[in-house]
Amino acid sequence: MVWQLRRAGAGDLDRIMLIENSSFLSDAWSRDGMRSELANRQCYYLVAFRPETPEAIAGYAGLFAPRGAREADVQTIAVGEASRREGLGRLLVQSLVAEARSRGVQEVFLEVRADNPGAQTLYASLGFEKIAVRVAYYQPDGMDAIVMRLRLESPRTVLA
């Protein structure tokens, strides 16, 4: 499947929230919270779509990575039900990591629900390692979060 990605904007909020609310039944971001993320210059949000239907967002992902910071956080990632198991989640995470690297980040962190082994496997396959558990992190259901970290190689200096 061929996907295209572009930077998300305020005009994508309605379509993002449709995926958000259907993907995260008990702990979805609020509309105001997502609007704030999309407007935050320290964040980098992407939407994904098929080239033939650019108005139909299939997934999105967001990164908090202030320029000059050594650490970044994957804020959220979701793929609509109809587009799952097609490599889109992997592409979105890889794109966020590439952006983090371009900003000089050395470590990327994320939290993933303890009851989501599929996502944990995806993140591990991309080099993320489990480093901690946040007990009862996800509310209102009290599910634990697994904290994962990806260490990025420092940029190599080329001497002429």
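Which element gives the largest share of the lining of the largest pocket? Keep that question in mind as we walk through this structure, which is a predicted model.

Let's start with the open space. Rolling a probe the size of a water molecule over the atoms shows where empty space is left. Here, the largest pocket holds about 1,100 Å³ of space. It is lined by 33 residues, and the closest to its centre are Phe 24, Ile 77, Asn 116, Ala 119 and Tyr 123. Several elements give two or more residues to this lining: helices H1 (13-23), H3 (88-102) and H4 (117-125), together with strands S4 (71-79), S5 (107-113) and S6 (129-138). And the answer to our opening question is S4, which supplies six residues, the largest share. Sorted by class, the lining has 15 nonpolar, nine polar and nine charged residues.

Now look at H4, one of the helices along that pocket. Its residues Ala 119, Gln 120, Leu 122 and Tyr 123 are buried. Why do they sit on the same side of H4? Because they cover an arc of only 160 degrees around the axis. The face turned away from this buried side carries Pro 117 and Thr 121, which are exposed. Among the elements covering the buried residues of H4 are S4, H3, S5, S6 and strand S7 (143-151). Just after the helix ends, Gly 127 takes a positive phi of about 100 degrees.

In soluble globular proteins, nonpolar side chains tend to be buried together. In this model, the largest nonpolar core has 31 residues, and Leu 63, Leu 92, Val 108, Tyr 123 and Phe 128 have the most contacts inside it. Strands S2 (43-49), S3 (57-64), S4, S5 and S7 each give two or more residues to this core, as do helices H3 and H4. H3 gives the most, with six residues. To see how such contacts look, find Leu 92: leaving aside residues up to four places away in sequence, the residues it touches include Leu 5, Leu 46, Tyr 60, Ile 77 and Val 79.

A second, separate core has 13 residues, including Ile 19, Met 34, Ile 57 and Ala 78. Met 34 belongs to helix H2 (residues 31-39), where Met 34, Glu 37 and Leu 38 are buried. These buried residues fall within an arc of 95 degrees when you look down the axis of H2, so they line one face of the helix. On the other side, Asp 32 and Ala 39 are exposed. The cover over the buried residues of H2 includes H1, S2, S3 and S4.

Technical notes:
Residues are numbered from 1 along each chain as its sequence is written. This is a predicted model: local features need pLDDT of at least 70, side-chain atom pairs count only at pLDDT 80 or more; totals for chains, interfaces and linings use all residues. Side-chain values use heavy atoms; hydrogens and water are left out. On a 1 Å grid over the protein atoms alone, a cavity is a set of points where a 1.4 Å probe fits but cannot get out, and a pocket is an open set with protein on both sides within 12 Å along at least five of seven lines; lining residues have an atom within 4 Å of a point. Grid points are joined across faces, edges and corners, and a volume is the space filled by probe spheres set on the points. Helices (H or I, at least four residues) and strands (E, at least two) are DSSP runs, numbered from the N terminus. Ala, Val, Leu, Ile, Met, Phe, Trp, Tyr, Cys and Pro count as nonpolar, Asp, Glu, Lys and Arg as charged, and the others, Gly among them, as polar. Buried means under 20% relative accessible area, exposed over 50%, partly exposed in between (1.4 Å probe, protein chains only). The arc is that of the directions from the helix axis to the C-beta atoms. Contact means heavy atoms within 4.5 Å. A nonpolar core is a set of buried Ala, Val, Leu, Ile, Met, Phe, Trp, Tyr and Cys residues joined through side-chain atoms within 4.5 Å.
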